[in-house]
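Have the structure open as you read.

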Amino acid sequence: MAGLTMAGLRNAVGRSLAWAAKNVDGAIALVLAVAVGVLGVLPDDVIPDKVKSQLVSGTTLVVLALVATALLRDRARQEPVEEAMHATSGVLTRLPERLDRLDELEDLVAGTRRALEDMAVIRILGSQHEIAQAHADARRGTDRWAFKGGTGTYMRAVTLPECVTAARREKRHLTVRLEIIDPTDEAVCESYAHYRRSLSDRPDGTGEVWTTDRARKESYASVLAAFWYRQRYGLLDIAVGLSPVMTTFRWDMSGRALIMTSEDPNRAIIAFSGSFFYESCGTELRTSFEQARRVAIDRYRSVPLSEEPTVEEVRRLFERVDLPLPKSFTDRDVVEVTRKALRAKDPYAQ
């Protein structure tokens, strides 16, 4: 018990000494103030009055000096705190601006992430084989196809017959939308033929060169093919739009991918569904189609077409849908249009 008491006493003395060391000036001032108070009450016979006054005055000055020292020390200690508080205040003042920058940074990161995700689903195709394979993959199992381009030669030769065959085999609905140049607009047909000849004046994969006459026949053939397939497959919903403006690109869009091609047979862009590019091109195709002149496909029942349509059937069909063939077209020209519609050559075949 005595050991515990001594230990407690030592701890108390240690704490008191530590406090006195940190506050030595205040401790001295306190002691002197007590001394002055004691001197003030002592009788005159103990300490003469004159000596007492001198002691009290001197001690008071020392106490005041110690108090001033303590105040200066406290002020010195407070300055870093005030500076820190001032700095903190400045930081807090700029906090909204920094938060705004943080939001901008988060938006930038999110935008970069979306761009990287889009890049992962957009590719450049660099060969005819790659492009042909991409079209085959896009056709597989799709229930819709949108095309925008020149006259739709590849559409007639490959895409439309294969999509219809697959839909019939699986007994499912198929929606097709075609936008091609207007065959009754000689100016756009001439512009398209001139553009194709300017790239190459040699025969293409079909064995023909591009002329205004050929452009018109190819476009009429795409319209005829649309009617012919519509009459033969009841679950085919097909629409054709005729544009007075040519385009140098071709868009082929299925439910799973968009393929953009040009006159370079070894270069194309493919974007997969869900990407920003795919959705944007879908909007472009819909908007463009809405501005094109519609062919009255709903009149497909008015002029039945044979398996091998006759010249009279073809002429009557185009008259019935307000898209008459040029008077300069001979029966041989009509037969050529029919051949292009139903037995078109793949212009990209090796």
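In this predicted model, H7 passes H10 in a right-handed crossing. Two numbers describe a pair like this: the angle between the axes and the distance between the axes. Here H7 and H10 (residues 331-342) pack at about 60 degrees, with their axes 8 Å apart. Angles from 65 to 115 degrees would count as roughly perpendicular and those under 35 as roughly parallel, so H7 ends up oblique to H10.

Who does the touching? On the H7 side you'll find Arg214, Lys217, Glu218, Tyr220, Ala221, Leu224, Ala225 and Trp228, and they meet Asp333, Glu336, Val337, Thr338, Lys340, Ala341 and Leu342 in H10. By type, the residues of this contact split into eight nonpolar, one polar and six charged.

Now for the interior. Nonpolar side chains tend to be buried together in soluble globular proteins. The largest nonpolar core in this model has 50 residues, and Val223, Phe227 and Val240 touch the most other members. H7 (residues 212-232) shows up again as the top contributor to this core, giving nine residues. Take Val240: leaving out residues up to four places away in sequence, its contacts include Leu178, Ile180, Val223, Ala226, Phe289 and Ile297, as well as Arg293 and Arg294. Apart from this core lies another, of nine residues, including Met260, Tyr278, Cys281 and Leu285.

One last stop is Thr261, in strand S6 (residues 257-261). Is Thr261 buried or exposed? Its relative accessibility is 8%, so Thr261 counts as buried. Beyond four places in sequence, Thr261 touches Ile131, His135, Thr248, Phe249, Arg250, Arg267 and Ala268.

Notes. Residues numbered from 1 in each chain as written. Predicted model: local features only at pLDDT ≥ 70, side-chain atom pairs only at ≥ 80, totals over all residues. Heavy atoms only, no water. Core = buried A, V, L, I, M, F, W, Y, C linked by side-chain atoms within 4.5 Å. Buried < 20%, exposed > 50% of the residue type's maximum accessible area, 1.4 Å probe, protein only. Helix = DSSP H or I, 4+ residues; strand = E, 2+ residues; numbered from the N terminus. Contact = heavy atoms within 4.5 Å. Axes fitted to C-alpha atoms, helices over the stretch in contact; angles between N-to-C directions. Parallel < 35°, antiparallel > 145°, perpendicular 65-115°, else oblique. Left-handed = near helix turned anticlockwise from the far one by under 90°. Nonpolar A, V, L, I, M, F, W, Y, C, P; charged D, E, K, R; others polar.
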